[in-house]
Amino acid sequence: MTEFVAGFDYPMFVVTAADPRTGERSGCLVGFATQCSIRPFRFLVCLSQANHTHGVAAASQMLAVHALSPGQHELAALFGEQTGDEIDKFARCAWTPGPHGTPLLDDCPRRLVGSVLERVNLGDHTGFLLAPIQEEGQPEPALMFSSVHDLEAGHSA
């Protein structure tokens, strides 16, 4: 980490995807995500290329971005510390199939489902540019990086 970003505190999200060919589901904790256009509205999520979810997202045309609230440290730990290489995270939480089978976390009502417009190599992460097709939930405080910095990543970035 460079000195420039030291001390920044980002909101945390869980991004989920489903591979339409195999039906495989995956999801991971994400700290690199942002709105990147107003008109048309666009949202960018960046997934580590070392992460199991990256492979599933690369095959998907749809991703769901779930905003975590401050009380969801346990859900953040499930999707941040565990890896889909070893466990089915969705067997350990409540979820519902969304558009194109994209898993929607029942405990995260503030979410965006987006169609993948572009994938951009950004170094050790890939940026997925999303055009929202579905938005749900009400604004509320977000779970921030400072609240999950104690988690041990399931994969190194």
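Biologist: What makes R21 and D19 a salt bridge?

Modeller: The closest N and O atoms of R21 and D19 are 2.9 Å apart. A salt bridge is defined as a side-chain nitrogen of Lys or Arg within 4 Å of a carboxyl oxygen of Asp or Glu, so the pair qualifies. The model is predicted, with local features needing pLDDT of at least 70 and side-chain atom pairs counting only at pLDDT 80 or more, while totals for chains, interfaces and linings use all residues. Residues are numbered from 1 along each chain as its sequence is written, and side-chain values use heavy atoms, with hydrogens and water left out.

Biologist: Why is R21 called exposed, and why is D19 called buried?

Modeller: Buried means under 20% relative accessible area, exposed over 50%, and partly exposed in between (1.4 Å probe, protein chains only). R21 has 67% relative accessibility and therefore counts as exposed, whereas D19, at 6%, is buried.

Biologist: How many salt bridges does the structure hold?

Modeller: There are 3. Among them is the pair R25 and D88, with N and O 3.3 Å apart. This pair links distant parts of the chain, 63 residues apart: R25 belongs to strand 2 (residues 25-30), and D88 to the loop between helix 2 (73-81) and strand 6 (95-97). Helices (H or I, at least four residues) and strands (E, at least two) are DSSP runs, numbered from the N terminus.

Biologist: Why are R25 and D88 called partly exposed?

Modeller: R25 has 30% relative accessibility and D88 has 37%. Each value falls between the limits for buried and exposed, so both residues count as partly exposed.

Biologist: What makes E136 and R111 a salt bridge?

Modeller: Their side chains meet at 2.5 Å, N to O, and the pair therefore meets the distance criterion. E136 lies in strand 9 (residues 125-136) and R111 in strand 8 (residues 111-121), 25 residues apart. E136 is partly exposed at 31%, while R111 is buried at 15%.

Biologist: How do you know that strand 8 and strand 9 pair?

Modeller: Two strands pair if DSSP finds at least two bridges between them. Strand 8 and strand 9 are joined by 10 bridges and run antiparallel, so they are a pair. E118 stands opposite L129 in strand 9. The two strands form a hairpin with 3 residues between them, and G123 in the turn has a positive phi of about 105 degrees.

Biologist: Why is S48 called buried?

Modeller: The relative accessible area of S48 is 11%, which is under the limit of 20%, so S48 is buried. S48 lies in strand 4 (residues 42-48), and a polar atom of its side chain is 3.2 Å from the backbone nitrogen of A50.

Biologist: Which residues of helix 2 are buried?

Modeller: L75, A76, A77, L78, F79 and G80 are buried in helix 2. Their cover includes strand 1, strand 2 and strand 7 (103-105), where contact means heavy atoms within 4.5 Å.

Notes:
Polar contact = N/O pair within 3.5 Å; in protein donor to acceptor, adjacent residues only side chain to side chain.
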